[in-house]
Amino acid sequence: FFRRAAPIVFSWAAMHLLILFGSQTGCAEEVAQQVSRDARRRNIPCTVLPMDAYPLLTDLSKESFAVFVCSTTGQGDPPDNMKKSWRCLLLKSFPALPSLHFGVFGLGDSSYSNFNVMAKKLHNRLKGLGAVPLVDRGLGDDQDEGGLDLELSKWLPQFWSGLATALPD
């Protein structure tokens, strides 16, 4: 009498990954593009944008999967193309993000006292808004022998694994 619904067959290509970056000198943008290339190799459609070019207030709550790549400037400040977005994220009226699964990768230099502070703040703010981290935040360090790439080479496989775990069966 009742028809059973067909089982949902999930494909990586059926999803979309939003990749937002905050970059002062272009390094975070390069990392965002690297994440994008890695996603496309996995047949995951993605969009890469500077954070301030994306309408966070109206659209972020509609997203399911996102990667945020950011650097820290000055005395712990967001980069220029992330300042507006950061102020927006701090609004008390910012909508909750319970359907957003995310990863944050920061670019920094541990010789500075505010090492990767923007990535740490962003990760914590997203969690505070109810978003679900797919992986611990990655904190790239220019002072590492392998540079930022050393941490990224560890973090990115963990991100893809976390993403695969979060996808429906």
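Modeller: Thr-73 counts as buried because its relative accessible area is 16%, where buried means under 20%, exposed over 50% and partly exposed in between, for a 1.4 Å probe and protein chains only. This is a predicted model, in which local features need pLDDT of at least 70 and side-chain atom pairs count only at pLDDT 80 or more, while totals for chains, interfaces and linings use all residues. Residues are numbered from 1 along each chain as its sequence is written, and side-chain values use heavy atoms, with hydrogens and water left out.

Thr-73 belongs to the loop that runs between strand S3 (65–71) and helix H3 (83–89); helices (H or I, at least four residues) and strands (E, at least two) are DSSP runs numbered from the N terminus. Once residues up to four places away in sequence are set aside, Thr-73 touches Gln-24, Pro-78 and Pro-79, a contact being heavy atoms within 4.5 Å.

We may now turn to the nonpolar cores, each a set of buried Ala, Val, Leu, Ile, Met, Phe, Trp, Tyr and Cys residues joined through side-chain atoms within 4.5 Å. The largest has 27 residues, and the members that touch the most others are Leu-17, Phe-159 and Trp-160. At least two residues of this core come from each of strand S1 (17–22), helix H1 (27–41), strand S2 (46–50), S3, S4 and H5. H5 gives the most, with 7 residues. Beyond four places in sequence, the contacts of Leu-17 include Ala-39, Ile-44, Phe-65, Val-67, Phe-159 and Trp-160. A second, separate core has 24 residues, among them Ala-66, Trp-86, Val-104 and Met-118.

The aromatic rings complete the picture. Rings of Phe, Tyr and Trp (its six-membered ring) pair if their centres lie within 6.5 Å; planes under 30 degrees apart are stacked, over 60 edge-to-face and the rest tilted. The count comes to 3 aromatic pairs. Phe-105 and Trp-155 form a tilted pair, 5.4 Å centre to centre with 50 degrees between the planes. This pair links distant parts of the chain, since Phe-105 lies in strand S4 (residues 101–108) and Trp-155 in helix H5 (residues 147–166), 50 residues apart. Phe-105 is buried because its relative accessibility is 0%, and Trp-155 is buried because its relative accessible area is 1%. Trp-155 also forms a stacked pair with Phe-159, at 5.5 Å centre to centre and 20 degrees between the planes. Trp-155 and Phe-159 both lie in helix H5, 4 residues apart, about one turn of the helix. Ring pairs join Phe-105, Trp-155, Phe-159 and Trp-160 into a cluster.
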